[in-house]
Amino acid sequence: MAEMNGYGEHKLSSVVITGSLLCNSPVSGATVAIKCHTGLKKRSNWIKAVTDDFGEFIIHLPSHLHAIPHLEKACFVKPVHVPKHYRRCYKTFFKSNIHKGIKLVSSSNGFRVYTSGTIRLHGHSSRLSQVRKADM
């Protein structure tokens, strides 16, 4: 019975969430996490991953969360830690509640891939460039 539900030696399904974290440039070494609503007023624990040199992350969703109906509506991704050397984004990160939903991009043979797309942390220099663009 456990094997039928995907808990045996052979995985019956895999679910991964991909995305990237940017602040004018890729944010490497940041911690990004996903949380899902698992039922009435219940949420999963945070499932975490660290961004690579390109600011990209991959989160492997635990098998007990694979069967959540409408995963796109039940889960959200957010950065939970940004390294201090990204100071231009550091203050805006802690003052905001940045989170993004997920979107199904591929599903085949029990393997589903979702993406949060690009999560942008707006640092001071990006705000200045946006103001300059608006003035033009």
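Modeller: Happy to, and please keep in mind that this is a predicted model. A search of the whole structure finds 1 aromatic pair.

Biologist: What makes the rings of tryptophan 46 and phenylalanine 76 an edge-to-face pair?

Modeller: Two values decide that. Ring centres must lie within 6.5 Å to pair, and planes over 60 degrees apart count as edge-to-face. Here the centres are 5.6 Å apart and the planes stand at 90 degrees, so the pair of tryptophan 46 and phenylalanine 76 is edge-to-face. Tryptophan 46 sits in the loop between β4 (42-43) and β5, while phenylalanine 76 belongs to strand β7, so the pair ties together parts that are 30 residues apart in sequence.

Biologist: Is phenylalanine 76 buried or exposed, and how do you know?

Modeller: Buried means under 20% relative accessible area. Phenylalanine 76 has 16%, so it counts as buried. Tryptophan 46 has 32% and is therefore partly exposed.

Biologist: Now the cysteines. Why is the pair of cysteine 36 and cysteine 75 called a disulfide?

Modeller: The cut-off is a pair of cysteine sulfur atoms within 2.5 Å. The S to S distance between cysteine 36 and cysteine 75 is 2.0 Å, and a disulfide joins them. By this rule the count comes to 1 disulfide.

Biologist: Why is the disulfide of cysteine 36 and cysteine 75 given a hand, and which one?

Modeller: The torsion about the S-S bond is about 105 degrees, so the disulfide of cysteine 36 and cysteine 75 is right-handed. Cysteine 36 lies in strand β3 (residues 31-39) and cysteine 75 in strand β7 (residues 75-81), so the bond ties together parts that are 39 residues apart in sequence. In space, the C-alpha atoms of cysteine 36 and cysteine 75 are 4.0 Å apart.

Biologist: Is cysteine 36 buried or exposed, and what is the value behind that?

Modeller: Cysteine 36 has 0% relative accessibility, so it counts as buried.

Biologist: What does isoleucine 102 touch?

Modeller: Leaving out residues up to four places away in sequence, isoleucine 102 touches Ile17, Ile34, Leu71, Glu72, Cys75, Val77, Tyr114, Thr115 and Ser116.

Biologist: What makes histidine 70 and asparagine 24 worth a look at the backbone?

Modeller: Most residues other than glycine have a negative phi. Histidine 70 has a positive phi of about 50 degrees although it is not a glycine. Asparagine 24, also not a glycine, has a positive phi of about 65 degrees. Histidine 70 is placed in the loop between β6 and α1, and asparagine 24 in the loop between β1 and β2 (25-26).

Biologist: Why does histidine 70 count as exposed?

Modeller: Exposed means over 50% relative accessible area. Histidine 70 comes to 56%, so it is exposed.

Biologist: And where is glycine 110 found?

Modeller: Glycine 110 is in the loop between β9 (103-108) and β10. Its C-alpha lies 6.3 Å from that of serine 14, although glycine 110 and serine 14 are 96 residues apart in sequence. Beyond four places in sequence, glycine 110 touches Leu12, Ser13 and Ser14.

Biologist: How many helices and strands does the protein chain have?

Modeller: The protein chain has 3 helices and 10 strands. Of its 136 residues, 38% count as buried.

Biologist: Which element has the lowest mean pLDDT?

Modeller: Helix α3 (residues 124-135) has the lowest mean pLDDT, 42, whereas β6 has the highest, 97. Over residues 1-8 the pLDDT is below 50, and this stretch has 11 contacts beyond near neighbours in sequence. Residues 125-136 also stay under 50, with 6 contacts beyond four places in sequence. Where pLDDT is low, the predicted coordinates should not be read in detail.

Technical notes. Residues are numbered from 1 along each chain as its sequence is written. This is a predicted model: local features need pLDDT of at least 70, side-chain atom pairs count only at pLDDT 80 or more; totals for chains, interfaces and linings use all residues. Side-chain values use heavy atoms; hydrogens and water are left out. Helices (H or I, at least four residues) and strands (E, at least two) are DSSP runs, numbered from the N terminus. Contact means heavy atoms within 4.5 Å. Rings of Phe, Tyr and Trp (its six-membered ring) pair if their centres lie within 6.5 Å; planes under 30 degrees apart count as stacked, over 60 as edge-to-face and the rest as tilted. Buried means under 20% relative accessible area, exposed over 50%, partly exposed in between (1.4 Å probe, protein chains only). pLDDT is the predictor's confidence in each residue, from 0 to 100.
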